[in-house]
Amino acid sequence: MELDLLFDPFGVRVDEVLAGATAAAEAGFGGVWLYDHLAGSVHGRDRVVECWTTLTGIAATVPRVTVGPLVLNVANRPAGTLAVMAATLQELSRGRLLLGLGAGGGRDTPYAAEQEALGREVPGDARRRAEVADQVATLRAVWRGHRGTANGFLRPEPLPPVIVGGFGPKMAALAGAVGDGVNLPSGPGLRTLLDVARSAHAQAGGDPARFLVTVSARPDAAALDQLAELGVDRAIVFVAPPFERAVSRMQALVAGR
């Protein structure tokens, strides 16, 4: 099981994230992830760095580590544009992109405010789930290199795994049906959600053994061992600034396992 780090993008500068990513790579962590948000106020902060631009900076300057958004809100970028963005980042990173996608926060969450402030509707749960499925389909159509009367779209090599994030059984089932992997929260319901996602993947004709499982994990050695026993591929632990100090603490935790 790989151990990855999720850097808090709220209230920090890009150079702080880049320095933390460098420290993570030097410490042997497998990947660096960022949340996808546009307004710092949704977490009570005065700023937030945009994840795709920051991940591109990491990929260009930090060797070895995988990079991924946890997860992209499908409302923030048109699917066709994102397909070419992802293909470009996959080329720049030499194949280190894990493409996390999700439905975004609902109307009853603080995250609706950043969408409404930009003039965007925040639809209900069913429609947002459908938009995730539509975006995955469009990504793959563009990556095949032909869309309508246009062709020559950049094809990523290799294709980045599309990892669908969710918190409940409906999104877990959607991840299994349309994705190459799933991101789930750790906790008592994790085993059930994993079963739902893997079963849906098998029903869609996929190989559950190749289905990529990432889990947002607690920084606890026993909890990480339990995730490994469940067949989790990547455990992703949240770290707050100062990032270099946080990386050192996590490195000590890993050494103690």
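Colleague: Which residues of α6 are buried?

Modeller: Keep in mind that this is a predicted model. In α6, the buried residues are Met171, Ala172, Leu174, Ala175, Gly176 and Val178.

Colleague: Let's take α7 then. At what angle do the axes of α6 and α7 cross?

Modeller: Roughly 35°. Helix α6 covers residues 169–178, and its axis comes within 7 Å of the α7 axis.

Colleague: Is that crossing of α6 and α7 left-handed or right-handed?

Modeller: The crossing of α6 and α7 is right-handed.

Colleague: Which residues meet there, from α6 and from α7?

Modeller: From α6, they are Pro169, Ala172, Ala173, Gly176 and Ala177. From α7, they are Leu193, Val196, Ala197, Ala200 and His201. By class, this contact of α6 with α7 has 8 nonpolar residues, 2 polar ones and no charged ones. Ala172 and Gly176 of α6 are also on the buried list.

Colleague: Next helix. Which residues of α8 are buried?

Modeller: Ala223, Leu224 and Leu227. Helix α8 runs over residues 221–229.

Colleague: Why do the buried residues of α8 line one face?

Modeller: Look down the axis of α8. Its buried residues fall within an arc of 100°, so they line one face of the helix. There is a general rule that helps here. An α-helix has 3.6 residues a turn, so residues three or four places apart point the same way.

Colleague: What covers the buried residues of α8?

Modeller: The cover includes strands β1 (2–7), β10 (212–217) and β11 (234–239). It also includes helices α7 (190–203) and α9.

Colleague: How does α9 sit against α1, then? What's the crossing angle?

Modeller: The axes of α1 (residues 14–27) and α9 (residues 243–255) cross at roughly 20° and come within 8 Å. That makes α1 roughly parallel to α9, since angles under 35 degrees count as roughly parallel. The crossing of α1 and α9 is right-handed.

Colleague: Which residues make the contact of α1 and α9?

Modeller: On α1, Glu16, Val17, Ala19, Gly20, Ala23, Ala24 and Ala27. On α9, Phe243, Glu244, Val247 and Gln251. They divide into 7 nonpolar, 2 polar and 2 charged residues.

Colleague: I was also looking at Leu18. Which helix is Leu18 in?

Modeller: Leu18 lies in α1. Leu18 is partly exposed, with a relative accessible area of 23%.

Colleague: What does Leu18 touch?

Modeller: Thr54, Gly57, Ile58, Thr61 and Val62, leaving out residues up to four places away in sequence. Ala59 is 41 residues from Leu18 along the chain, and their C-alpha atoms are separated by 9.6 Å.

Colleague: Which residues of α2 and α3 make the contact?

Modeller: Trp52, Thr56, Ala59 and Ala60 of α2. On α3, Leu82, Met85, Ala86, Leu89, Leu92 and Ser93. The contact of α2 with α3 divides into 8 nonpolar and 2 polar residues, with no charged ones.

Colleague: Now the loops. What is the phi of Arg64?

Modeller: Positive, about 80°, although Arg64 is not a glycine. Arg64 lies in the loop between α2 (51–61) and β3. Arg64 is partly exposed, at 46% relative accessible area.

Colleague: And Arg94, what's its phi?

Modeller: Near 60°, again a positive value in a residue other than glycine. Arg94 sits in the loop between α3 (79–93) and β5 (99–102).

Colleague: Is Arg94 buried or exposed?

Modeller: Exposed, with a relative accessible area of 75%.

Colleague: Last topic, peptide bonds. Is the one from Leu70 to Val71 cis or trans?

Modeller: Cis, with omega near -15°. Val71 is in the loop between β3 (66–69) and β4 (72–73).

Colleague: What about the bond that joins Pro241 and Pro242, what is omega there?

Modeller: About 0°, and that peptide bond is cis. Pro242 is found in the loop between β11 and α9.

Definitions and conventions. Residues are numbered from 1 along each chain as its sequence is written. This is a predicted model: local features need pLDDT of at least 70, side-chain atom pairs count only at pLDDT 80 or more; totals for chains, interfaces and linings use all residues. Side-chain values use heavy atoms; hydrogens and water are left out. Axes are lines fitted to C-alpha atoms, for helices over the stretch in contact, and angles run from 0 to 180 degrees between N-to-C directions. Helices (H or I, at least four residues) and strands (E, at least two) are DSSP runs, numbered from the N terminus. Angles under 35 degrees count as roughly parallel, over 145 as roughly antiparallel, 65 to 115 as roughly perpendicular and the rest as oblique. A crossing is left-handed if the near helix is turned anticlockwise from the far one by less than a right angle, and right-handed if clockwise. Contact means heavy atoms within 4.5 Å. Ala, Val, Leu, Ile, Met, Phe, Trp, Tyr, Cys and Pro count as nonpolar, Asp, Glu, Lys and Arg as charged, and the others, Gly among them, as polar. Buried means under 20% relative accessible area, exposed over 50%, partly exposed in between (1.4 Å probe, protein chains only). The arc is that of the directions from the helix axis to the C-beta atoms.
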